Amino acid sequence: MVTLNHYLALSAILFAIGTTGVFLRRNMITVLLSIEIMLNAANLTLVAFGRHWGAVDGQIIVFFVVTVAAAEAAVGLAIVIALFRLRESLDPDAFTSLKW
Amino acid sequence: MGFELPLFYVFATVAVVASALVIGQRSPIYSVMLLIASFAALAGLYVLLDSPFVAVIQIIIYAGAILVLFLFVVMLLNAPKEAPGPWARLAAGPRRAGAVLGGVLAVELAWAIWRAAIAPEPVGAGSGASAQAIESVRSIGQVLYTDYAFAFEVTSLLILVAMVGAVVLAKRHV
Amino acid sequence: MLLLLSSAAMVYAERKVAALIQQREGPNRVGPRGLLQPFADVIKLMFKEELRPGGADTVLFLMAPVISATAAFAAFAVVPFGAETTFFGLLDQPLKLQVADVNVAVLVVFAITSMSVYGIVLAGWSSNSKYSLLGGLRSASQMISYELPYGLALASVLVLANSLSLTDIVNRQAGYWFGFIPRWFVFVQPVGFLIFMISGVAETNRAPFDFPEAEQELVAGYHTEYSSMAFAMFFLAEYINMVTVSAVATDLFLGGWNGPFLPAWLGWIWFLAKTSALLFFYIWMRWTLPRYRYDQLMQFGWKMLLPLAALNLLATAAGVMLLGV
């Protein structure tokens, strides 16, 4: 019998994986991918709760989250491309000119 | 249905394993493909949660458009594989700190869920709600265009801004 | 099984029709009137040496045609091709002539066709050759660009039909106006039908939109480096995609399995007839029309087809609201 806790636990695990990815990866594209994992974990929570309370709002908010994620991915990747043109590198450590 | 639990575990395992592999791959293309697998598993979970619309939206938009965009960028930039390995390149200090923080987050979230003690009833028993209320696309549409109409319109504006921004940012300035 | 046979039939039909359009006979040696030609082709392909370019990324190289073929087959799973039948009352429950009756069938078809982009992009990339990469990226851009008018034309039908299930959509097209004009959506939505078919042709990378695999220009584009079985799978995927697009168009616009003179349980004959007509149209276009240049292709999709599809949707919605259809 699948309880709500199952879904929440799964979503927590996915979120933690995504965060670890953001911390550990040295490739900007993979960092963006990890952010997408985190967003998906949040989506899962929303849909699970929506189903739990029988409200359709969970799905609707997920609809918006997915759309915003699409917009964010597009702009983020555009920035990555622009940065790559500047330094020929995708390593976040190559862009430390603001560091004091 | 008797097969709901094993199905949940199948999808959950695929999602977790694929996501874990995503952050452990050297080549970004493999990461993207693994993420597609993870998203497909999540779509399966949404179907289990009686939300076929969100499942299909997930495939169409996330797996079918956003990840294609990622793939394009990876191919255009011809990103070299991180050498020798994503883990070795880091100094030991930040690497350990990062891993530890990730673990701490997982534990914290698990503890929070445990404390909240959300009733361990089968999904859907929260208010005696049946699947019918949320399953049909019609119900989604009805709420989307009335209660959330403003958010809907603003989202379209947001996408427009993102489109223009992406084009402007990635343009080659000659 | 059905799909495999239909693709074999398609290969044969394509060569025959192509030949007729070019005023020659076409295959007529293998079997009576050349009917066994596609089987001969398959056997030839199976015996060819399986080449693999040196710098190719093996995993992706092998996975790409599998993705293409799987997506092509899977999309057809939710397309109904006949009314519920009981086979003369032999079965207790009516058997739905469809692999899976999903409530959101229309969206599922759309979702799976958008996955076939990956097969092409990965093929282009993993072949490690510049022709393949260019062909792959161009083809992928083309496919995702034309998904938009495809979806909007679909949405126009949804406005008319009030349901996302393909079975429901077909059932709404039963009956006649004035006794002899069938209630097909194509008569209410001629522009939508046109947009859908054009986008479908662009989606399946067929002429006149087949620049990515233009034989004269890019040395067969994204499948340049493939041979033998892998090539066969791409071929197969292309034909099955064509069949799926025609089948979905038949369900959405041409009334599916509704037709005069035949009882409901033989409706699949009509379905076959209509789908074949659309497929013939496909082949006809390939051998008659010249190919679009890539930038013309993209301009047409974004600047003409997309606004047109959006206007069509608006007009349909307005019409439904005002006329209360």
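In chain C of this predicted model, residues 24 or more positions apart account for 76% of the contacts that have a separation of 6 or more. Chain C has 325 residues, of which 46% count as buried. Its secondary structure consists of eleven helices and two strands.

| Helix | Residues | Detail |
|---|---|---|
| α2 of chain A | 28-52 | 25 residues; 37 Å from first C-alpha to last |

The 37 Å reach of α2(A) is close to the 36 Å expected at 1.5 Å a residue. Of the 25 residues in α2(A), 22 are buried, so this helix is largely enclosed by the rest of the structure. Just after α2(A), Gly54(A) adopts a positive phi of about 65°.

The largest nonpolar core comprises 152 residues, and the members that touch the most others are Val32(B), Val56(B), Leu67(B) and Phe70(B). For Leu67(B), when neighbours within four places in sequence are left aside, the contacts are Val32(B), Leu35(B), Ile36(B) and Tyr62(B). One of these partners, Val32(B), is also listed with Leu67(B) among the residues that touch the most other core members.

Note on methods:
Residues numbered from 1 in each chain as written. Chains lettered and ligands numbered in written order. Predicted model: local features only at pLDDT ≥ 70, side-chain atom pairs only at ≥ 80, totals over all residues. Helix = DSSP H or I, 4+ residues; strand = E, 2+ residues; numbered from the N terminus. Expected span 1.5 Å × (residues − 1). Buried ≥ 20, exposed ≤ 12 C-beta atoms within 10 Å, placed from the backbone. Contact = placed C-beta atoms within 7 Å. Core = buried A, V, L, I, M, F, W, Y, C linked by C-beta atoms within 7 Å.
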